[in-house]
Amino acid sequence: AMSAALVGYSSSEEDEEDKEDKEDSGARGGAQGPPGASAARPLLPVPAGLPGDPDPAEEPSDDSARHGGRVRGFPHERGSWATHVFLPYLAQEEFLELLELLVSRARTFVPAVAAMEEFHLSLSQCVVLRYHWIEPFVRSLRERLAAFHRFFCVADQVKVYTNQNKTRTFIGLEVSAGHFQLLELVSEVDRVLEEFDLPTFYKDPSFHISLAWCVGDLSSKLEGQCLRELQDIVDEFEDSAFLLRIQWEQVRCKSGNKYFSFPLR
């Protein structure tokens, strides 16, 4: 089965160079958590690698050992900010319990699987914005999203994704209800992206919340038997119907190391 192309992830580009001087190996997180994120646990490297990336081999100057094996999706340029529009999902305790069950089961098939530290549902690819475009971009998003109402979706179908250049594999929960509202939201975001000549979202997206990831294309090991067992865990989890019915209350945009929030009505 073809793995669905994955929504792009990126790290906080703007402040990356300064950090790399101070830190060794790749143990750090690739991005700062949003304000108020738990600082107690060490952050895992955040998956990077964008749909339509150049092949990692074309980027010999980027020392991936310093990024926990991440390969940057596009060459870092001063003044260009990696930008991503998404719905943030705040994990409750029960969700983290479910996550732990899923990750420990997945590790019996692929030992390198690691849980995500933050959870979201992407509404855009990761795109590159020039610094002086951030403010008008955010203003335009705010105008387009102002009339949008809160809505529910259900994310309860376990699915395996790879990013487009097959450098990462993800386990995600795909949306089974609420797809139409998500498409409507994406069309608003797409119109802002078009204003700035940026690539729009995929034509037939698989909306999902990524739960865990590993380096390389390990989809063949995670699909089939593993996927069936993970779906059983989700289906049998106490209160999973309640837990995985999510009300979205805000859209968020992360540009470089800055976060912008857009409340839904």
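Arginine 144 has a relative accessible area of 27% and is partly exposed, a class lying between buried (under 20% relative accessible area) and exposed (over 50%), computed with a 1.4 Å probe on protein chains only. The structure is a predicted model, in which local features need pLDDT of at least 70 and side-chain atom pairs count only at pLDDT 80 or more, whereas totals for chains, interfaces and linings use all residues. Residues are numbered from 1 along each chain as its sequence is written, and side-chain values use heavy atoms, with hydrogens and water left out.

Arginine 144 forms a salt bridge with glutamate 188, with 3.4 Å between the closest N and O atoms; the term denotes a side-chain nitrogen of Lys or Arg within 4 Å of a carboxyl oxygen of Asp or Glu. Because glutamate 188 belongs to helix H4 (residues 179-195) and arginine 144 to helix H3 (residues 134-145), the pair ties together parts that are 44 residues apart in sequence. Helices (H or I, at least four residues) and strands (E, at least two) are DSSP runs, numbered from the N terminus. Glutamate 188 counts as buried, at 18% relative accessibility.

## Further salt bridges

The count of salt bridges comes to 5. One of them joins the side chains of glutamate 229 and arginine 105 at 3.1 Å, N to O. Glutamate 229 lies in helix H6 (residues 225-236) and arginine 105 in helix H2 (residues 93-107), so this pair ties together parts 124 residues apart in sequence. Arginine 105 is partly exposed at 33% relative accessibility.

Another salt bridge is formed by the side chains of glutamate 174 and lysine 159 (3.3 Å, N to O). Here strand S7 (residues 168-177) supplies glutamate 174 and strand S6 (residues 151-162) supplies lysine 159, the two being 15 residues apart. Glutamate 174 is buried at 19% relative accessibility, while lysine 159 is partly exposed at 27%.

## The loop between S6 and S7

Threonine 167 is located in the loop between S6 and S7 and counts as buried, with 18% relative accessibility. The side chain of threonine 167 makes a polar contact of 2.9 Å with the side chain of asparagine 165. Such a contact is a pair of N or O atoms within 3.5 Å; within protein, one must be able to donate a hydrogen and the other to accept it, and residues adjacent in sequence count only if both atoms are side-chain atoms.

## Cysteines

The model has 0 disulfides, a disulfide being a pair of cysteine sulfur atoms within 2.5 Å. For cysteine 126, the closest cysteine sulfur is that of cysteine 253, at 9.7 Å, which is too far for a bond. Cysteine 126 is buried at 9% relative accessibility, and cysteine 153 is buried at 1%.
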